[in-house]
Amino acid sequence: MKITCDRRELAEALKWVASAIDKRPTTPAMGGVRVTVDESTLTLTAWNYTSAHTVALPALGAEPGEALIPGPALTTLVGSMRGQEVTLAATGATCEITSGAAAYSLRCLNLHDYTTPPSPPQPIGVVSGASLAEAVRTVAAFADRTGIEATAALEQVRIEAADGALVLAATNRSTLVTDSVGYDGEPFTLGLPADLLAAAVTGLSSEGSVQIAVSDGMVALTGDGRTVSIRRVDLEFPAQWRRLTVAPDTAEAFTVDAGELAAAMKRISTLVEGETAVRFTLDADQAALAAVGQTGEGVDSVPVEEAGAPMRSAFGPRVLGSALGAFDGPISVTYVPGEQYKAPIFISADTQPNRIAVVMPRRITGGN
C-alpha cells in the first residue's frame, strides 16, 4: 500500500477520525486507524464499538492496499510534519511516513484482530451541515454529565424529525434546551449520546448538506466525504419534555440583554459556593441579583424592558449562566407571577427563533 496526498488535509482528517478511538482501547488493534487505498482514494476509519468515523480523501500515486496503523502516533506525526505532501507506504509489518525532510516508520497493527464497524444504513433525509452543527453544540451542552445511573437517560440528545423540522432537546434536570433546523426527509424519533454527537458534527460539512441515515441500531451522518455512525440510546427520554417548553397562559415576560445579565450573574457568583442559590428579583425597569456567601455579599442589577408584574425567584449561578450563554443579544424571559421560587423561566430570542431554554429555580429556605 502506498499513497501520496496533501499533508494538511490528511492531518485534519486524521484528527477527526482518531477522535473515535478510546483513550484505553479494549485491544491494541482498536487503537488503530484503518487505512484503505484504491486507485484514487484514501479511506480512513476508526471506531470504538459505539461510534465510527470514516473519511474518504482524493490521493495521488496510489498503490492499492490496506494497513492498520496506530492512530495517535500517526495523527501526531502527520500533523507536525512540515512538507506540503505526505506519503504513507506500508509493506509487511511497517508503515513508512515521509514528508519533506522527515521520515518515520511505525509498526502496523494486526488487521485480523480489528473488528470491522457495521455498514451505515441508507440515507432517509438531509439537513444543513452548519445549522446542524450549531444546534447540536448548543443543545448537547445541557445533557446530564453526572455519570449517575439514575440519570443515564438524560445523557442523550433527543432528536425528532417531522413536518420539515429536525428538533433536538437535552436536559440535565436543572435546564431543558431545545433547538431545531430545517429538514427534508422521512420522520423519525431517537436518542444519541450527547458527547459523541457533539464531537462528531464538529468535523462534518460546515458549508454543504449532511445526509441522515437511520436503522434500528444506529444513525449515520454523512457530509463532505465524512461519515460518522453512532449507536442509538435505548433509554427513554422524558416523555413530557415538549409540554415543559410551553409557558402557561398566566405567564408574563420582560426583555433583557443576555450578555449583560450573564455578566452580572458571573460577578455575583464569586460570592457563593458551587450552586448556592442567587436571588433573582424583577421590579419595574430592572432585574436585580443578590447573594450572601462566605466571601461577602452583594447586589447587582441590569435594565429590562416591557416588564410586567414583579417576580421573586432564585437560581443556581452556573445553571442560569449556562442557559444565558446559549443566546446572543436581547432575550425574552417569560415567567409566572406569584409562583415564588417554584415555576421555571423560559428564555427565547428573536435572533434564535427556534431555540428555547427552560430553567428551573432553586428553593431558598427562610422565605422570599
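Some ground rules. Residues count from 1 along each chain as its sequence is written. In this predicted model, local features need pLDDT of at least 70, side-chain atom pairs count only at pLDDT 80 or more, totals for chains, interfaces and linings use all residues, and side-chain values use heavy atoms, without hydrogens and water.

Start with Ser 51. It sits in strand S4, residues 51-58. Helices (H or I, at least four residues) and strands (E, at least two) are DSSP runs, numbered from the N terminus. Buried means under 20% relative accessible area, with a 1.4 Å probe and protein chains only. What does Ser 51 touch, beyond neighbours within four places in sequence? Ala 20, Ala 46, Leu 196, Ser 229 and Ile 230. Contact means heavy atoms within 4.5 Å.

Next, the helices. From H3, Leu 132, Ala 133, Val 136 and Ala 140 meet Ala 194, Leu 197, Ala 198 and Val 201 of H4.

Last, the rings. Phe 237 and Trp 241 have ring centres 6.4 Å apart and planes at 75 degrees, so they are edge-to-face. Rings of Phe, Tyr and Trp (its six-membered ring) pair with centres within 6.5 Å, and planes over 60 degrees apart are edge-to-face. Phe 237 is buried at 4%, Trp 241 at 5%. Phe 254, Phe 280, Phe 315 and Tyr 335 form one aromatic cluster.

Technical notes: Rings of Phe, Tyr and Trp (its six-membered ring) pair if their centres lie within 6.5 Å; planes under 30 degrees apart count as stacked, over 60 as edge-to-face and the rest as tilted. Buried means under 20% relative accessible area, exposed over 50%, partly exposed in between (1.4 Å probe, protein chains only).
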